[in-house]
Amino acid sequence: MTDLAQDLLSSFLVAESQLNGSRNLGVVSLRKKAMDRFEQQGFPTTRDEEWKYTNLKPVLKQDYRILLKGDDAVSFADIKKYLLSDLDTYKLVFINGKYSSWLSESTHQSFDICTFAAALNKYPEVIGDYLGKAAPEGTTFVDLNTAFADDGAFVRIKRNQTVDKPIEILYLTTDENGPAFAQNRNLIIVEQNAEVQIVERHQNIGTQPNFTNFVSEVFAAIDARVSYYKVQNDALHASLVDNTHVVQERGSNVHVGTYTFGGKLVRNNLHFYADGEHTESHMDGVTIIDDGQTVDHHTLVDHREPNCYSRELYKGIYLGNSHGVFNGKVMVRQKAQKTNAFQQNDNILLSERAKVDTKPQLEIFADDVKCSHGCTIGQLDKNALFYLRSRGIPKKEAEGLMTYAFASDALEYVKIPQLEKRLNRVIADKLGINLEFAL
Amino acid sequence: MLKIKDLKAQIEDNQILKGINLEINAGEVHAIMGPNGSGKSTLSSVIAGREDYEVTDGAIDFDGEDLLDLDPEERAHKGIFLSFQYPVEIPGVTVSNFIKTAINESRKGRGQEPMEAREMLAKMREKSALLEMDKSYLSRSLNEGFSGGEKKRNEIFQMAMLEPKLAILDETDSGLDIDALRIVANGVNKLRSKDNAVVVITHYQRLLDYIKPDYVHVLYQGKIVKSGGPELAHELEERGYDWIKAENA
C-alpha cells in the first residue's frame, strides 16, 4: 500500500465522525463501505487497462494534506479573473474544499443552488434517493470521494423551472495547507422539463502542488436540459481526476463540454447513462497542452434504451512533450435499437515530442443502429495553409490561425456567448495568435 | 510589371508548364484560355508560390524582382493576389477577422503601421457594398457553408480589400449564375486602374463579356500557342478548342 493510501485510511478514521452528514446513517454506511472497497483496491497503476496510458505514480508520490482548512484571506479581487466577469451568475465558491459564503451567491428561492453540506443536513431523503446512484461503486477514485466528500455544489431545479442565469462553481486551492488533496462532490438534480447551465472550474491559486479527486453526479429527468461546461486551465503544479456521471431519463438533453488548457495531470472520466428513450447526450471538448502536461479523456456512453442520440467531438492540440489520451467507449445494449451514436477524436501534434494515444471502443449488441467513430492524428492542411499565405499571412501566423480554427470548431454547442468568447480568447492566447473578438 | 520567361514547372516528375513566355504591363487585362489540363491553374499557382510545384527552368520577374525566390506571403506583400478556383473553408475564423489579419500582416510585411480600426471598418463596408454582400457576411466563418457564388464573391471582396497590383482570377466564373457573374465582374471592373493589371483565367468566353480583356492567350499542353486581341476569345467560343489541338498536334 502506498503512503498516500495509508494516510487516507488513517485520516478517514480520524475525520469520519466529523464530516458533514455524519448524523445520516445511510450516508455513514455508504462512506464506510466505500472506504472498505478503497482499502481492498488501492490506487490504480498502469497495469490496469483503464489506466494503461496514464501513470499516476509521480503525482501520488507527493505528501499531501488530506484534512484541509479553508482560507479566509482570499478576497473577491483574487478570484475575479476566474469568473465570467461580464455576466450575472449564481456563484458557489470553495476554498480548499470549504465553502466560502462571502464569495458566493447561492439561493433557495425558486430552486436550490447551495452546498452539498447543507443538503446533507437539510434534505436527507433527496440525498438518500440520489447520492451514489450515478457514480459507480468499485472505482477507486469514486469510492475514495464517496468516503471523504462532505461539501461541494448542490443544485436542484424543480419541475418546469428554467434557471434565470448560469451557475458558476469554483474550486480554489491556496497554500494554506501545503500540498493539498481535495475531495469535493457535486450533486445536480434537474427535474422534469427543467433547465440549467453550469460553468465549473478548479484552480490552484498558490504555489504548492495539489491533487483534486472530484465527483459530480448529474440527474436529468424527463425532458430536462442541462449544459455543463468544465473549464480546466489550472496551474502546472495542479492535478485533477474528475469523475462526472450523468443519468438521463426520457427526452432529456445533456451537454458536457470539457476545455482543458492546463494542469500537470488531468484525467476526465465522463460517463453518460441513457436510461430513457429519445435522449440526447452531447460531449465535446478542446485540449491544448504543452510541456510537462498529460490530459486523459475517458468517456462512456451507455445506450440502454431505444431511439437515443449521442454526439462526441474531442479536439486535441499537443505542443512540447505533452501527452494526450482519448478513450471513448460507446455501449449499445441489445434493447437500444435505433441508436444513433457519433464519435470523433481529432488531434494535431505541433511538436515531434508530443504524443497521443487514442482508442475508440464500440460495444454494440443491437442490430438496427447507426454508430460512427473516427480518430485522426495529423498536421495542418497544406492547401488551406497556402490559401492563407497567399493572402499575405506569414507561415507561422497562418499555422496559428488554422490551429485556432481547428479547435474552435468544438465550441459550437457552447450556449453562453460570454463563455464562448472567453474560451476562444484562451485558445488564441495558447496558440499565440492575435485576433479581435469584439465583432 | 510581370515578365515570365521560358517558365517550366513540374509536379511529382510530371512536366506541366513547358516554356511559358508572357509579359503583362500595368493597366492591362489579359485572358488566359485553354482546354482542361492545359496548365492554366498550374501557371497561376506557380506565380502565387504554391510549394507543390517545382520550377525547373525559366524566371518570373515582378517589378524588377525575381519572384521565384519569395515565399507566398512575400509575393502577396508585393501585390500579387490569386482568386482561388476552390476557396478554402476555415471554420471559426470570421471573414472580418481574416481580412484584418491579412491586411495588417501585409502592411507589416511592407513596413507599414496596422490600419486604423475605423478605416478598416469603413473600407469593409464600402467593399462589401460594392460586391452586394450583406453585412452579416463579415461575421460568418470564412467560406464555411458559403454557396459557390458566395465563395467567389468573397474572393473578389478580399481582392478589393487588399488592392493588389496584379490580380489573377482563376476560373472565377465557374459555379456562378448570371447575376453573381455580373456582380463579380462589376467588382473587378471597379478595381481596375492604370496602375494595376488583371489576369483572367477561364475556360469560357462568358466572363470576358463583362471583363473586357486587352489580350487573349491560349494555353495548350503547357505552352502559350496563340495570342491575340479580344476577337480570339470570340473565335474560341464559336469554334471550340479542337482547331487549336489540331494546329498543335
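Predicted model: local features only at pLDDT ≥ 70, side-chain atom pairs only at ≥ 80, totals over all residues.

Me: OK, helix H9 of chain A first. What residues does H9(A) cover, and how far does H9(A) reach from its first C-alpha to its last?

Reply: H9(A) runs over residues 395-408, which is 14 residues. From first C-alpha to last, H9(A) reaches 20 Å, close to the 20 Å expected at 1.5 Å a residue.

Me: Is H9(A) mostly covered or mostly exposed?

Reply: Mostly covered, with 12 of the 14 residues of H9(A) buried. Among the buried ones are Glu397(A), Leu401(A), Met402(A), Tyr404(A) and Phe406(A).

Me: Now a helix pair in chain B. How do H5(B) and H6(B) sit, at what crossing angle?

Reply: Helix H5 (residues 148-162) and helix H6 (residues 178-191) of chain B cross at roughly 10°, and their axes come within 10 Å. H5(B) and H6(B) are therefore roughly parallel to each other.

Me: What do H5(B) and H6(B) put into that contact?

Reply: H5(B) brings Gly149(B), Lys152(B), Arg153(B), Ile156(B), Met159(B) and Ala160(B). On the H6(B) side are Ala180(B), Ile183(B), Val184(B), Gly187(B), Val188(B) and Leu191(B). The residues of the contact of H5(B) with H6(B) divide into 8 nonpolar, 2 polar and 2 charged.

Me: Staying in chain B, how many residues of helix H1(B) are buried?

Reply: 8 of the 9 residues of H1(B), residues 40-48, are buried, so the helix is largely enclosed by the rest of the structure. Lys40(B) is one of the buried residues, and so are Leu43(B), Val46(B) and Ile47(B).

Me: What comes just after H1(B)?

Reply: Gly49(B), which takes a positive phi of about 100°.

Me: Where else is phi positive, in a residue other than glycine?

Reply: Gln221(B) has a phi near 50°. Gln221(B) is in the loop between strand E11 (215-220) and strand E12 (223-228) of chain B. With 17 C-beta neighbours inside 10 Å, Gln221(B) counts as partly exposed. Over in chain A, Asn96(A) also has a positive phi, about 50°, although it is not a glycine.

Me: Where does Asn96(A) lie?

Reply: In the loop between strand E1 (90-95) and strand E2 (98-99) of chain A. Asn96(A) is buried, with 23 other C-beta atoms within 10 Å.

Me: Which residues does Ala180(A) touch?

Reply: Leaving out residues up to four places away in sequence, Ala180(A) touches Tyr64(A), Arg65(A), Leu68(A), Asn96(A), Thr173(A), Gln208(A) and Asn210(A). Ala180(A) is in strand E6 (residues 180-182) of chain A, and with 26 C-beta neighbours inside 10 Å it counts as buried. Ala180(A) and Ile66(A) are 114 residues apart in sequence, but 6.4 Å apart C-alpha to C-alpha.

Me: Last topic, the contact of the chains. How many residues come from chain B and from chain A?

Reply: 25 from chain B and 20 from chain A.

Me: Which element gives the most on the chain B side?

Reply: H3(B), with 8 residues. Helix H2 (72-78), strand E7 (90-94) and helix H3 (95-109) of chain B each supply at least two residues there. By class, the side of chain B that touches chain A has 10 nonpolar, 10 polar and 5 charged residues.

Notes. Residues numbered from 1 in each chain as written. Chains lettered and ligands numbered in written order. Helix = DSSP H or I, 4+ residues; strand = E, 2+ residues; numbered from the N terminus. Expected span 1.5 Å × (residues − 1). Buried ≥ 20, exposed ≤ 12 C-beta atoms within 10 Å, placed from the backbone. Contact = placed C-beta atoms within 7 Å. Nonpolar A, V, L, I, M, F, W, Y, C, P; charged D, E, K, R; others polar. Axes fitted to C-alpha atoms, helices over the stretch in contact; angles between N-to-C directions. Parallel < 35°, antiparallel > 145°, perpendicular 65-115°, else oblique.
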